[in-house]
Amino acid sequence: MLYKEPAPIKDRENPFESMMSRFNIAAEVLGLDEEVYNVLKTPTRQVIVNVPVTMDDGKVRVFEGYRVIHSTILGPSKGGIRFAPDVFLDEVKALAAWMTWKCAVVDIPYGGAKGGIICDPYAMSAGEMERLTRAYTQALIDIFGPDQDIPAPDMGTGPREMAWLMDEYSKTKGSTVHAVVTGKPLVLGGSLGRVEATGRGVMVSAMAAMEKLGMNPAKSTAVVQGFGNVGAWAAKLMAERGVKILGVSDVSGAYWNDNGIDIEEAIEYKNNNNGRLEGYKNAEKISNDDLLIAKVDVLVPAAVEDVITIKNVDQIQARLIVEGANGPTSYKADNVINEKGIMVVPDILANSGGVTVSYFEWVQNRMGFKWTLDRVNGRAERIMHESFERVYAASQKYNVPMRIAAYIVAIDKVAMTYKYRGGF
């Protein structure tokens, strides 16, 4: 079942401009030279394709799709494919750049990429989705490859679409190529632990940050905005470590319980209710806006971009924000957050557990050998914790917020690799 998040805010800031604003600050702190700056500030490749698809009614519709490769300095590019009606090129460019920084922060040998198709997957049949996915794959057949560019699921796509992509690519190559895509079903070479990987990374980041702030998980409260795969797993794993989850939300609204929400019960309800919390009775329904500004210790935005903006940041009461989504905080809100003394574990660190286990899946595919769940989870948690410590150390060294510190760590790694490779 596809997961549907709340619709993005229509007057949101341009996500690519937000990314570049933070990139510029980190580049200045590092004293990045002009050559490297110019290489890293723009994507390596931007591809726009028009994909004709025969719909169930026999008519042919043409869908616009994108694939942006931001960088291949660290290795083959890596990034998800987003199916959504409001996908636009600057969003895909920002997401591709964030993938570059994300991979660098967790020290895995990938560059960043992202893809998208303008469509409404929830208004399309399985057959239409399959034909669209296969046509998109064919349109980008010379871009994709296990040593070139490796797609993965994103909003509106999942293991089913990745299976179709792998199959279509493999047919063209004349052999089964498992490693061309990650996020596949287990029977097609997917990795144990991949489904919960991003949420697990959010949990590890939250626990590490709480330790730095002297917060006891057993005496702390949290809300999770977005109860899809990432948010639900983050809530579940945080609750297992003692954090009381007072509120959660999805496209149907937000749900609050002063005594804490039973997360496993809420997940079971959602799974039996077409993937939505609508009608959930064991909590009071409140607005998504009220959830974001609730008085709790930890806020986990795990839905879409720009939910914390200059319009509501003054009212944020959490001591700690752990970004499960990509770009949930607009650039203009950063200064207010910093002035309020709120620690933010930024998206390029907090939600990098997903790409970390995607890397494990790719490695297993290349080896032709599956790892155990304990090995996957253990290695993922170690990488996330070590990455948090590197970013925290950079924030102390340069006296900058965690977000800028994460960019510093990432840009420094990519820049050094560029110089060792000899530039262009």
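**Exercise 1. Find how many residues helix α13 (residues 373–398) has, and how far it reaches from its first C-alpha to its last.**

Solution. Helix α13 has 26 residues. It reaches 38 Å from first C-alpha to last, close to the 38 Å expected at 1.5 Å a residue. The expected span is 1.5 Å times one less than the number of residues. Helices here are DSSP runs (H or I, at least four residues), and strands are E runs of at least two, both numbered from the N terminus. After α13 comes Asn399, with a positive phi near 55 degrees.

The model is predicted: local features need pLDDT of at least 70, side-chain atom pairs count only at pLDDT 80 or more, and totals for chains, interfaces and linings use all residues. Residues are numbered from 1 along each chain as its sequence is written, and side-chain values use heavy atoms, with hydrogens and water left out.

**Exercise 2. List buried residues of α13 and say what covers them.**

Solution. Buried means under 20% relative accessible area; exposed is over 50%, and partly exposed lies in between (1.4 Å probe, protein chains only). The buried residues include Val376, Ala380, Ile383, Ser387, Val391 and Ala394. An α-helix has 3.6 residues a turn, so residues three or four places apart point the same way. The cover includes α3 (89–105), α6 (197–212), α12 (353–367) and α14.

**Exercise 3. Work out how the axes of α3 and α14 cross.**

Solution. The axes come within 8 Å and cross at roughly 85 degrees. Therefore α3 is roughly perpendicular to α14. The class runs from 65 to 115 degrees; under 35 is roughly parallel, over 145 roughly antiparallel, the rest oblique. Axes are lines fitted to C-alpha atoms, for helices over the stretch in contact, with angles from 0 to 180 degrees between N-to-C directions.

**Exercise 4. Describe the largest nonpolar core.**

Solution. A nonpolar core is a set of buried Ala, Val, Leu, Ile, Met, Phe, Trp, Tyr and Cys residues joined through side-chain atoms within 4.5 Å. The largest has 93 residues; Trp101 and Met238 have the most contacts inside it. Helix α14 (residues 402–421) gives the most, with 12 residues. A second, separate core of 28 residues includes Val53 and Phe63.

Key: Contact = heavy atoms within 4.5 Å.
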